Structures are given as C-alpha cells and as structure tokens.
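Open the model in your viewer and keep the selection panel at hand. The stops below go from pocket to ligand and on to another pocket.

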Amino acid sequence: MAADVIIGAQWGDEGKGKIVDALSEKYDVIVRYQGGNNAGHTVIIGKEKFILHLLPSGIFHKNKINIIGNGVVIDVNGLVTEINELKSKGIKISPKNLIISENANIVLSCHKQIDIAREGKKKIGTTGRGIGPAYIDKYARIGIRMRDIFDDDILKEKIKETLFEKNFILKNLYNYSEITEEEIYNEIVNHRKFLKPFITDVVYEINNLFKKGKKILFEGAQGVLLDVDFGTYPYVTSSNPSVGGVLTGSGIDYKALKRVFGVSKAYQTRVGNGPFPSEMDEQTAEKTRQRGGEFGATTGRPRRCGWLDLVALKYACILNGITDLIITKLDVLSIFNEVKAVTHYIYKGKKTDKFISDSYELSKCIPVFKTFKGWKTDLSNIKKYKDLPLNVKKYLEFIKKFIGVKISFVSTGPERNQILKV
Ligand code: GDP
Ligand code: IMO
Ligand code: MG
C-alpha cells in the first residue's frame, strides 16, 4: 500500500509523460496535482503520438482511475477538447476512469489575456495559458472553482467579482479591450453539463482508494527548477511541482508517500527565459535540439539545450527526497564524441557545489564541467541495461555516485517500451 510520485527534476519536459505511461501498469490511480495546460506530456503508443495537457498520462491504460486534483488550474474548454480528441481516437474516458476535484480553480480567457499582456512588460516566456493570473486569483480568494459553475447565481456573482479588477487592469494598464460577463459565462456554461459527472470530492475519493490498498502514482507537471518557491525565481511557473505540491494539490494522507522518482534528461533543456548555467553554444544546442526533437509540446517553441547540470539535479534530489532517478533521452547524446556535465559553479570567484535558486545570482555562476567519453552507438533497440555500451554505464555510474541516489530506469527512446530497468 503506497503512493509514489513522479516529478520533473529539471526545468520541465524531462519525459514525465512517457515515464508515467510506461509505469502506469503497476498502479491503479494516476493523479495530476498542480499546473494546468501549460504542461505538455507526450506519450507515444505505436504510430500514434498523444500530447496531454490536463489529463493524467495514465489515461491510455484500461481499468485505471485518473484524477485531476484541487491543485490543478483547469481551462474548461481545453479540458473538454482534450477529452473529446482522445475519445475520437478510441480512448475510453468516462466518470469511471476520470475524476476531477470540485475545488480545482478555473482558468478564464481574461487570465490568458492578462498573462499575454504582462509578457509584453516582463518577459518570463510563459506559455500564455493564463496559469499565473489564474493562481493569483486563487490566492486572492476570487477564483472560480469547478464546484461554482453549476449554480447560475453563484457563477454570475463570481464572474462579476473576478472581472471587476481584471477589466480595470486590461483596459487601463495594457490598453486591451474589456471582457464582458456574458463572454466569461458562455465559455463556462457550454461545458457544465458535460463536466458535471466527472466532478467530485477528491479528498475522500483518493484517501478511500489508498485505504483500499490501491497503488497511486502522482504525476508532476513542469519541474523542480520551475517551482514558484524553490525554482529560479522569477523565471518559474506559479505552482509547486515539487513534492510538497502533492499534498496540497490532492489531499492525500502524507503517510501514503513512499518513492519519489525524479525524472531528468541525460542533458538539460529549458523553454522560456531565465538563467541556464550549462547552456550549450548555439551550434551544439541546435544539434541536440534536432536530434532530441526539442520543441515545446505545448507552444512549439524551440527549447534551449545544455549539458546535464549535476549541481541543479542534486539540489532537486535534496529538496524532494528523491529516492530514485530516471534518466531519459540517453539516445540523444549518442551523436557526440564527448559528453559533458556540470559538477560545480564558480560563484564570486569561489568554487561552490550549491545551487542558487535566485535568477540574478545564478546568472553570475560560471559552470565547471567534467567531460566523459561518448558512446556513438544507437541505443534505441537495446532491451537490457546490461547491454548498454560501457561509456553510457560510466556516465550513469558517475551521476549516481555524484548525486547519491540510485538510478532505477533509463529511457532510450520516446516509445513506451524503450525503457530499461537498472
Ligand atoms: P514531459 O513534459 O516531461 O512529459 O516531456 P515532453 O513530452 O514535453 O518532452 C519530452 C519529449 O521527449 C517528447 O517528445 C517525448 O516523446 C520524448 N522522449 C521521452 N523520452 C525519450 C527518450 O528516452 N529518448 C528520446 N529520443 N525521446 C524521448
Ligand atoms: P511540462 O509539464 C517546460 C515554463 C514556461 C515559462 C515558465 C512560466 O510539459 O514539463 P507559465 O505558462 O507556467 O506561467 O510559464 O514555465 N513552463 C514549462 N517549461 N515544461 C512545462 O511543462 C512548462 N510549463 C511551464 O516556458 O518559462
Ligand atoms: Mg512537456
């Protein structure tokens, strides 16, 4: 009887979707606990490629319960579209295998507009999905929650309240046109009949499932370095992808948590702005980007590429009590004669092995690299860990020793079965 967590140990896009899908077989329940449709989790099954934004990546397996917890912010139109698209491809989705917290907050079109307008002033490089403004409303206690959408009087009152300040901001600060209450009402009301059967009290559901002995897997979105509290602030998202978010974003009994899997690429990427000490020169980055398909699953933006930052990875492990590492995209590094990883920084003229989450300070850190011999071997058809080239194993062994956390799985390609147990 246990609940495990999968979190991104970098700046997102580590391959969490693929890993959750691959490991889902061993679990009964898969739970998203934070973020919204800023996430893009890719799952490849045979010739079909799926990108999930709000639905848990366990949705492709039969007889699993998928949960969207209270910590997630939901774009209702996005969610309904995602469900319908999957259904049209033959994936079964019903209240039997998907439940949504009545306390999850809703992302409205005015949140997206403010997100985009703010980007004109302060460029975080957000996904433009309204995530920050929706979380702001949640904490300002003026958010609209899933439970509020079924009663016309409550819904209309809440819309009025939320638009009161937003229209002032849009019109006077950003010169955008105002949004009417009807517009917001219409974007929600069209979907409420569809959504009603999915909405429930997740606190009782999830704890009952746990008590019944069901195995639960939590699926983080984004990554530890994008955490609003622990990431490279202010270049972060507005939620807690870190393990703390699991408790506040789902209501699970803390005693349930057992293993925390930290997913990390064998190198490093970042979308959007912010410091990136191990960033590659543009030529090397472009090679990696092309070989690794490093383009955003949500926005299509090219991802910035760098070498694995072990200082940052160790920080992610300490912060989250990561019990197991999962290293993805090893196959991508096969193009290089040499592979590098950051082991220290030089900060204010001194060597340090501490990650500094403040963006300004981190941008002053000069990375110190260790170089490894490459393997120049196609890894995509290797079926057993023991059959990996020696130089891959040496690289992995170094990571394990440096971080002090075991590596439980490695991923050698985007497909479901391209995962090796260590
Ligand atoms: P997530 O947000 O963490 O779920 O990751 P994304 O789906 O945004 O990005 C990961 C990308 O890498 C996707 O295109 C995956 O299909 C792909 N991928 C995952 N694991 C591997 C791997 O081991 N090798 C390769 N080549 N691609 C992978
Ligand atoms: P998954 O779950 C990578 C980044 C954005 C931007 C910052 C803030 O697929 O790993 P936001 O729209 O959240 O306010 O943007 O966070 N970002 C991600 N980067 N993967 C993600 O999700 C991300 N979600 C947000 O690029 O830098
Ligand atoms: Mg992604």
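How much space lies in the largest pocket? About 860 Å³, where a volume is the space filled by probe spheres set on grid points joined across faces, edges and corners. A pocket here is an open set of points, on a 1 Å grid over the protein atoms alone, where a 1.4 Å probe fits, with protein on both sides within 12 Å along at least five of seven lines; lining residues have an atom within 4 Å of a point.

This is a predicted model: local features need pLDDT of at least 70 and side-chain atom pairs count only at pLDDT 80 or more, while totals for chains, interfaces and linings use all residues. Residues are numbered from 1 along each chain as its sequence is written, chains are lettered from A and ligands numbered from 1 in the order in which they are written, and side-chain values use heavy atoms, with hydrogens and water left out.

**Largest pocket**

Select Ile-124, Thr-126, Val-236, Thr-237 and Ser-238: of the 40 lining residues, these are the closest to the centre of the largest pocket. Next, colour helix H3 (109-119) and helix H4 (131-139), the elements that give two or more residues to this lining; helices are DSSP runs of H or I with at least four residues, strands are E runs of at least two, and both are numbered from the N terminus. H4 supplies the largest share, 6 residues. By class the lining has 16 nonpolar, 16 polar and 8 charged residues, with Ala, Val, Leu, Ile, Met, Phe, Trp, Tyr, Cys and Pro counted as nonpolar, Asp, Glu, Lys and Arg as charged, and the others, Gly among them, as polar.

**Ligand 2**

Now show ligand 2, whose space is the largest pocket (more than half of its atoms lie within 2 Å of the grid points). Around the ligand are 20 residues (a heavy atom within 4 Å), and Lys-16, His-41, Thr-127, Gln-222 and Thr-237 come nearest.

For polar contacts (N or O pairs within 3.5 Å), go to Thr-127, where a polar side-chain atom lies 2.6 Å from a ligand 2 oxygen. At Arg-301, a side-chain N or O atom is 2.9 Å from an oxygen of ligand 2. The protein covers 97% of the 550 Å² of accessible area that ligand 2 has on its own (Shrake-Rupley method, 1.4 Å probe).

**Second largest pocket**

Finally, select Thr-42, Gly-292, Arg-303, Lys-329 and Pro-414, which lie nearest the centre of the second largest pocket among its 27 lining residues. About 530 Å³ of space lies there.

Note on methods: Polar contact = N/O pair within 3.5 Å; in protein donor to acceptor, adjacent residues only side chain to side chain.
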